[in-house]
Amino acid sequence: MATLYDMLGVPMHATDEEIKRAYRKAAMKWHPDRNSGAEEVARATFQEIKDAYAILSDAAQRKVYDKVYTEQMRGWEAQRARQQKAHTDREAAARAARETAYAEMVSLAMRFADAGHNRDVLFGVLLGRQCEARQAAQIADSVSALQASRREAQKAQAAAEAAAKAADVPDVAPTAQAQAMNDDAAVNRGASPNPGNHGNPGKREENANAAHPAGVLGGLWFQFLNGLKF
């Protein structure tokens, strides 16, 4: 919105002398005699410059103009703010509507994909729901890729579960307790226990008895009784 100050090229707080100098400069620039070939435009502009200077060079008229202009500016700013807010609200509503419609299209494509339909079917279904072709292709591609990724993840999970289940099968090798039982049975049969089994409780007990003084005396007593038999 051009003002009288803009016509002369000075700010609103310009002094009377600054306004006078600006007027002389603008008048020389736009005088019809100095604008050959564009006299009509120059004449109209020159007249506007004269009118602006006539008001701004008079203190009383300038004061009235500043007051009226200030009020007009406030009204204009308020109107522009209202227009801007209305424009922002319309854009927000339109954006929300687009996002809602997009979410509905994605949900629809997901339902058909979960039912086992391929990308082309998804694309056709979206077109049938008045979805724009470019957006329909984008949604169909994305949903199809997501479904493929899910299937691969499920296969990988199934393979991992099968491997974990196979790893849980118990080992057929005898445990230490089973080996000890076998050694005890071998002793009862008169056979030698497994020499590599350090966990044989019978052997540990025999070694302990041999090392204990009472065990030594018991062994000597047993030999003495055997000697009597001979």
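These legends accompany an overview and several close-up views of a predicted model.

View 1. The protein has nine helices and zero strands, so its elements read α-α-α-α-α-α-α-α-α from the N terminus on. Of its 230 residues, 19% count as buried. The accessible surface comes to about 17,100 Å², and 57% of that area belongs to carbon and sulfur atoms. Among contacts between residues at least 6 apart in sequence, 41% join residues at least 24 apart.

View 2. Helix α2 covers residues 16-30. Its 15 residues reach 21 Å from the first C-alpha to the last, close to the 21 Å expected at 1.5 Å a residue. Look for Ile 19, Ala 22, Tyr 23, Ala 26 and Ala 27, which are buried. Seen down the axis of α2, the buried residues fall within an arc of 130 degrees, so they line one face of the helix. The buried residues of α2 pack against α1 (4-8), α3 (39-56) and α4 (59-114). On the face turned away from the buried side sit the exposed residues Arg 24, Lys 25, Met 28 and Lys 29.

**View 3. Asp 16 and Arg 62 bridge two helices.** The structure holds eight salt bridges, and one of them joins Asp 16 to Arg 62, with the closest N and O atoms 3.5 Å apart. The pair links distant parts of the chain, with Asp 16 in helix α2 and Arg 62 in helix α4, 46 residues apart. Asp 16 is exposed at a relative accessible area of 55%, whereas Arg 62 is buried at 12%.

**View 4. Lys 85 and Asp 89 pair within helix α4.** Here the two side chains meet in a salt bridge of 3.0 Å, N to O. Both residues lie in helix α4, four residues apart, about one turn of the helix. Lys 85 counts as exposed at 54% relative accessibility, while Asp 89 is partly exposed at 40%.

**View 5. Arg 119 takes part in a salt-bridge network.** Arg 119 forms a salt bridge with Asp 141, the closest N and O atoms being 2.7 Å apart. Arg 119 lies in helix α5 (residues 119-128) and Asp 141 in helix α6 (residues 133-167), so the pair ties together parts that are 22 residues apart in sequence. Salt bridges that share partners join Arg 119, Asp 120 and Asp 141 into one network. Arg 119 is partly exposed at 28% relative accessibility, and Asp 141 is partly exposed at 40%.

Technical notes
Residues numbered from 1 in each chain as written. Predicted model: local features only at pLDDT ≥ 70, side-chain atom pairs only at ≥ 80, totals over all residues. Heavy atoms only, no water. Expected span 1.5 Å × (residues − 1). Buried < 20%, exposed > 50% of the residue type's maximum accessible area, 1.4 Å probe, protein only. Arc of directions from axis to C-beta. Contact = heavy atoms within 4.5 Å. Areas by Shrake-Rupley, 256 points an atom, 1.4 Å probe, with all protein chains shown as cover. Salt bridge = Lys/Arg side-chain N within 4 Å of Asp/Glu carboxyl O.
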